[in-house]
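This report walks through selected features of one protein model. Please look over the sequence and the structure before reading on.

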Amino acid sequence: MEKKAQFPHRRWNPLRQAWVLVSPHRTQRPWQGEVSQKTAPSAVHYDPECYLCPGNKRAGGAANPAYDSVFTFVNDYAALLPASPPETNLQASSLLVAEPARGLCKVLCFHPDHGLTLARMTQPEIRRVVDAWTREFEELSGLDWIEYIQIFENRGAMMGASNPHPHCQIWSTGFIPDEPAAETKAQREHFDRTGQCLLCSYLAAERASGERVVLENDRFAVVVPWWAVWPFEVLLVAKRHFGALPELNGTERDALANVLQRLTTRYDNLFETGFPYTMGFHQSPTDKSPHPEWHFHAHFYPPLLRSATVRKFMVGFEMLGMPQRDIAPESAAERLRACSEVHFWPRD
Ligand SMILES: [Zn+2]
Ligand SMILES: [Zn+2]
Ligand SMILES: [Zn+2]
């Protein structure tokens with residue numbers, strides 16, 4: 001890869017069936033170690049104004065219980081509603097097309113402590129979150145109208161997180177959204193054409209090369225994908241072929257908690273800050289069709305480029321042409337591999 005990394009090229013993303021432009025020559029200069037101040041994590045364990053803290057009143061009027069582990073509720077300002085809309089014809093012409101969209105939006109608090117993040121939670125605490133994700137997936141997939149369940153976390157003000165309290169969202173929809181729909185198509189085509197799972201084969205290739213592997217345990221691996229767009233984007237991939245959380249056994253749930261903690265700790269240590277990102281799991285659709293092609297994974301999309309404050313923007317050619325990156329994925333993986341798995345700001 002060393003030679004290839006020197007000149008502009010484009011890389012194929014087989015999971016999304018799209019290209020990404022890589023221009024590593026633009027960052028030939030070595031890292032100047034732009035020294036940023038360590039950013040202390042929040043020391044606030046309870047915020048009386050936070051609508052996610054235990055015992056507090058939410059804007060909708062409901063009160064949170066005095067929960068001591070995880071806590072889930074239906075979003076008071078949901079983007080989608082489960083009620084079936086009246087059968088109205090929204091289509092104005094063959095080019096002005098719309099249709100009713102149903103969904104259920106939930107919030108899951110990871111921990112009662114307002115100041116924690118996944119990186120600073122213990123593995124048993126993260127395991128409880130994994131169990132809660134699994135329970136939610138099982139319950140929601142039992143609703144016959146739900147075709148897809150998206151679990152995602154927006155972390156940090158830079159990613160638009162409106163509240164620092166450790167939490168994620170779970171949006172379940174009566175349709176398969178565009179990203180997982182594109183990945184379903186790509187995985188199915190690969191499976192039909194080769195008889196192999198796309199991500200099983202991809203992970204084997206990554207592990208054989210090792211260049212982009214950040215960390216792994218017995219059950220999961222984390223790589224900076226060949227086609228990464230964001231500077232420190234990673235793909236968390238299950239080593240065993242399965243489609244969704246309910247298929248994980250207890251050992252695998254612990255292993256998932258283990259990689260999540262190790263990865264988020266490395267992320268925080270990279271710029272000694274609470275590393276912002278959007279992360280989410282991609283799992284088999286729950287549209288009641290078989291999905292032998294689907295391989296469980298998670299994407300982490302962090303915006304930071306050079307320091308705790310310098311971020312990458314997706315503008316210009318990227319909005320009008322295609323995504324582009326400056327740091328080669330191999331260099332990003334190397335930098336993440338060099339980070340410690342002991343958090344720079346230990347929990348007291
Ligand atoms: Zn809070
Ligand atoms: Zn697979
Ligand atoms: Zn995906």
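## A buried salt bridge and its network

In this predicted model, Arg212 counts as buried because its relative accessibility is 6%. Glu206 counts as buried too, at 1% relative accessibility. The side chains of Glu206 and Arg212 meet in a salt bridge, with 3.0 Å from N to O.

Glu206 and Arg212 also belong to a network of salt bridges, which links them with Arg11, Glu211 and Glu330. In general, side chains of opposite charge can pair when their charged atoms come close.

## Other salt bridges

The count of salt bridges in the model comes to 21. One of them joins Asp76 and Arg58, whose closest N and O atoms are 2.7 Å apart. Asp76 lies in the loop between strand E3 (71-74) and strand E4 (103-109), and Arg58 in the loop between strand E2 (18-22) and E3, so this pair ties together parts that are 18 residues apart in sequence. Asp76 counts as partly exposed at 31% relative accessibility, whereas Arg58, at 10%, counts as buried.

Another salt bridge is formed by the side chains of Asp268 and Arg155, at 3.0 Å from N to O. It links distant parts of the chain: Asp268 is in helix H4 (residues 250-271) and Arg155 in strand E5 (residues 148-155), 113 residues apart. Both Asp268 and Arg155 are buried.

Cys50 is buried, as is His114.

## The zinc ion, ligand 3

The zinc ion (ligand 3) is coordinated by two OE atoms of Glu183, by ND1 of His282, and by NE2 of His297 and of His299, at 2.0 to 2.3 Å. The donor residues of this zinc ion (ligand 3) are spaced E-x98-H-x14-H-x1-H in sequence. Glu183 lies in helix H2 (residues 178-194) and His297 in strand E11 (residues 297-301), so the pair ties together parts that are 114 residues apart in sequence.

Are Glu183 and His297 buried or exposed? Glu183 counts as buried because its relative accessibility is 3%, and His297 counts as buried at 0%.

## A nonpolar surface patch

Phe313, Val315, Met319 and Leu320 form a nonpolar patch on the surface. Together these residues have about 510 Å² of accessible area. Phe313 is found in the loop between E11 and helix H5 (317-320), and at 51% relative accessibility Phe313 counts as exposed.

## Residues with positive phi

Most residues other than glycine have a negative phi. Gln17 is not a glycine, yet its phi is positive, at about 50°. Gln17 lies in the loop between strand E1 (9-13) and E2, and is partly exposed, with a relative accessible area of 30%.

Lys288 is another residue other than glycine with a positive phi, in this case near 70°. Lys288 is found in the loop between strand E10 (277-282) and E11. With a relative accessible area of 53%, Lys288 is exposed.

Where is Met121? Met121 is in the loop between E4 and helix H1 (123-141), and counts as buried at 1% relative accessibility.

Leaving out residues up to four places away in sequence, Met121 touches Phe110, His111, Leu116, Ile126, Val129, Gln261 and Arg347. Met121 and Ala244 are 123 residues apart along the chain, and their C-alpha atoms are separated by 24 Å.

Key: Residues are numbered from 1 along each chain as its sequence is written. Chains are lettered from A and ligands numbered from 1 in the order in which they are written. This is a predicted model: local features need pLDDT of at least 70, side-chain atom pairs count only at pLDDT 80 or more; totals for chains, interfaces and linings use all residues. Side-chain values use heavy atoms; hydrogens and water are left out. Donors are N, O and S atoms within 2.8 Å of the metal (3.2 Å for Na, K and Ca); water is not among the atoms, so sites may look incomplete. Helices (H or I, at least four residues) and strands (E, at least two) are DSSP runs, numbered from the N terminus. Buried means under 20% relative accessible area, exposed over 50%, partly exposed in between (1.4 Å probe, protein chains only). Patches are made of residues with over 30% relative accessible area and no salt bridge: like charges are joined within 9 Å, nonpolar side chains (Val, Leu, Ile, Met, Phe, Trp, Tyr) within 5 Å. Accessible areas come from the Shrake-Rupley method with a 1.4 Å probe; for residues, only the protein chains shown count as cover. A salt bridge is a side-chain nitrogen of Lys or Arg within 4 Å of a carboxyl oxygen of Asp or Glu. Contact means heavy atoms within 4.5 Å.
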